[in-house]
Amino acid sequence: MLLFLFRRIGLMLVTALCLTIIVFALTNMPAKLETLAKTQAGSRMTDAEVDRWLERNGYASPMLVRYGEWLGVLPGWVRTEDNGTVTGRCVALRGTAEAAGERCGILQGDWGFSTRFRAGVAEVLTARLGATGLLMLWVLAVMVPMALIVGILAGMREGSRTDRALSTFAIASTATPEYVSGVLLIALLASSTVGLSPLLVSWGWIDGPVLFQGNARSALDDITFSNFTLPVLTIALYGMGYVARITRASMTEVMTQQYIRTARLKGVSFGKIVVRHALRNALIAPFTVIMLQIPWLLNGVVISEVLFSYPGFGWTLYEAAINNDIELLLASSVVAVVVVLVTQLISDVGYVYLNPRIRIS
Amino acid sequence: MEPLSWFEILARIAQQLLPVWVALVLTYALSIRFKRRLGLYGKLFDSTVGMIGFGIVMFWLFVALFANFIVTHDSLSQVSGMRNAVPGSALRDPRDLYPYYLLGGDSLARDVFSRMVMGAREVLRIAPFAAMISFMIGITLGLPAGYFGGKLDTGLTFLANLVLAFPVILLFFLLVAPEIQETPIPRVMAGILFLVPILFVTVLLNARFFTQPAKRNLYVGIVLAVGAWAYVGLVFNADPVGLWSMSPNLLNVFVAVVFVNAPTVFRIVRGITLDIKTRDYVAAAQTRGEGPWYIMLWEILPNARGPLIVDFCLRIGYTTILLGTLGFFGLGVSPESPDWGSTINAGRRLLTVYPHPALVPALSLMSLVLGLNLLADGLREESLRD
């Protein structure tokens, strides 16, 4: 087991290294650097000025060298200006030339500087990740029980009318990507001119102009039912259908097993069979799928956070990408890749623990 | 003129869609009449879910085909006074134009209905082909990985997992950008990705007909000629006749979507191959002395078709969603493109006041993907029944 874990973690590190090199190469292409220079120092720069700006800010050295600097295995660039002031990668990050060490990459814990937010990447990301963590917590709290209940109810009696209805619902939810469900929900529930809200106002059922708010920025200070429901629902709906379908498939399989028939013949009530005998075995497959679903939710997080302008990790990733904020983008992709790989690891390990028929030797 | 009531709007839309109804009725009448002779496709008409799904998919396919007859206005032209017009508004000064905006106008005073129809064409022009190329790549790499195993399998699986560990959205942000289009990256990737289908068909035919050199030379020759023609047009945009061409924008989007989809197909094909290669008919073919490519392409692949056809339908739906995501973030499409993702993105700014410009493409996209998922479900049910 320990050997398995070590091998998996080794593979994870290699994967993460490969992915960061790719991201680094794609964000550091000459054309993108030129865009960065123009957004940072004025859009009417000549080519020579762009080159000088890049030179002055340490973007002129070869790409692999800069990757090494970012990683912290090579010393950061240092320049001494004509008037004697020392500038450099580490100087900019640590404040003064004295405090700056030789190397300052992620191995030393320096994540770099965000050109978009004009702050350290680490502080930007920790704040945003906290916000997204809260969002994900609620998404999982809504999605997982809903998906399991739908899947179990549908799979309990295969081919029944409940099964048909719930399966269609699950298919419909997988066919509704976040940008569609978000738009539908806003139009239906968060508009003061159309949808349900004007109706409810005219009946006097709600105080405010709208039932839910279509903008979740205020949720950063204070999460309320009215400003957080729509972003959570938007993400949860798309992910739910798939988990529900897997649960249903696994449940129908378990319900045809011999021991279920034995329990039935013993005279155990149907409810007890489902809860006591079937559920435990039926939940093994959904567990792995839920874990693997988390990286997929990342897509939804970006779309939903942009749509509802909730400044979390997804929104930051979007901002970093459209502004070519290299170091923020790199750090975000490291976070995203780690999330993907860790959830894969947890799902593998969890599968082994839940399923006694599988042993890693 | 008075604005139309909802009933009149629906009636007029139904009237505009007349070619679609005719084509649908013909398809269904012919298919149900001859369903016993049509194999899996005919069996689809035994399942209600499959029939509904197929109906929705064919509806959009015919809308895309007959788009030129269906649209009421040009999808790009703006008509004064129709900015954010509600559905059914009459044009102020119709002259020789269609006198109404059936589903209203968007924030640039363009007809929402016509843009929806042209959007169907945009989506259905890319999604099925991207899914097809992804499948060919996935099959060409997945079959040998599963069949031979060993180092090849380890290497390819690592590469596939590498791409799959990338969050899709991050890959899109990085890969579909104007700066990237100026570099050779999309061309090089397209050069590799489009080469695989040609290789696939060549090997497929060669493995089948290599005992009859005359036939083989003819078929492989035709495939290579057509393939080279399409390849030059699609990758280098240098087709002398001009039949095959792709704008750099489109090529970039296409490459990104294929790149995201192919590893998943690879994993599916590899899994099925691992299962099927232990069957008796594979052992029989090996004993007969058939070559590995013949066994992979003519023994294993046909027996894996059930799950692959089902996944193909799902994958077209997923590709549609991905294209919508790209449009939603304004990546790789021109701003006035009528594709559904960008129309949703354009409409969301005024969503709470004028919801119709965003709702119409949103519902269209949802119904198309739903149709494809239902179709896949019906096919799965029917293919499991044998």
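Helix H7 and helix H10 of chain A cross in a left-handed way, meaning that the near helix is turned anticlockwise from the far one by less than a right angle. The model is predicted: local features need pLDDT of at least 70, side-chain atom pairs count only at pLDDT 80 or more, and totals for chains, interfaces and linings use all residues. Residues are numbered from 1 along each chain as its sequence is written, with chains lettered from A and ligands numbered from 1 in the order in which they are written.

**The helix pair**

- The axes of H7(A) (residues 161-174) and H10(A) (residues 225-255) come within 7 Å and cross at roughly 140 degrees.
- Helices (H or I, at least four residues) and strands (E, at least two) are DSSP runs, numbered from the N terminus.
- Axes are lines fitted to C-alpha atoms, for helices over the stretch in contact, and angles run from 0 to 180 degrees between N-to-C directions.
- The angle therefore makes H7(A) oblique to H10(A), as angles under 35 degrees count as roughly parallel, over 145 as roughly antiparallel, 65 to 115 as roughly perpendicular and the rest as oblique.

**The domains**

- Chain A has domain 1 (16-120) and domain 2 (123-354), with bounds from an automatic or database domain assignment.
- The C-alpha centres of domain 1 and domain 2 of chain A are 39 Å apart.
- Their contact takes 21 residues from domain 1 of chain A and 18 residues from domain 2 of chain A, where contact means C-beta atoms, placed from the backbone, within 7 Å.
- H1(A) gives the most to the side of domain 1 that touches domain 2, with six residues.

How values were computed. Two residues are in contact if their C-beta atoms, placed from the backbone, lie within 7 Å.
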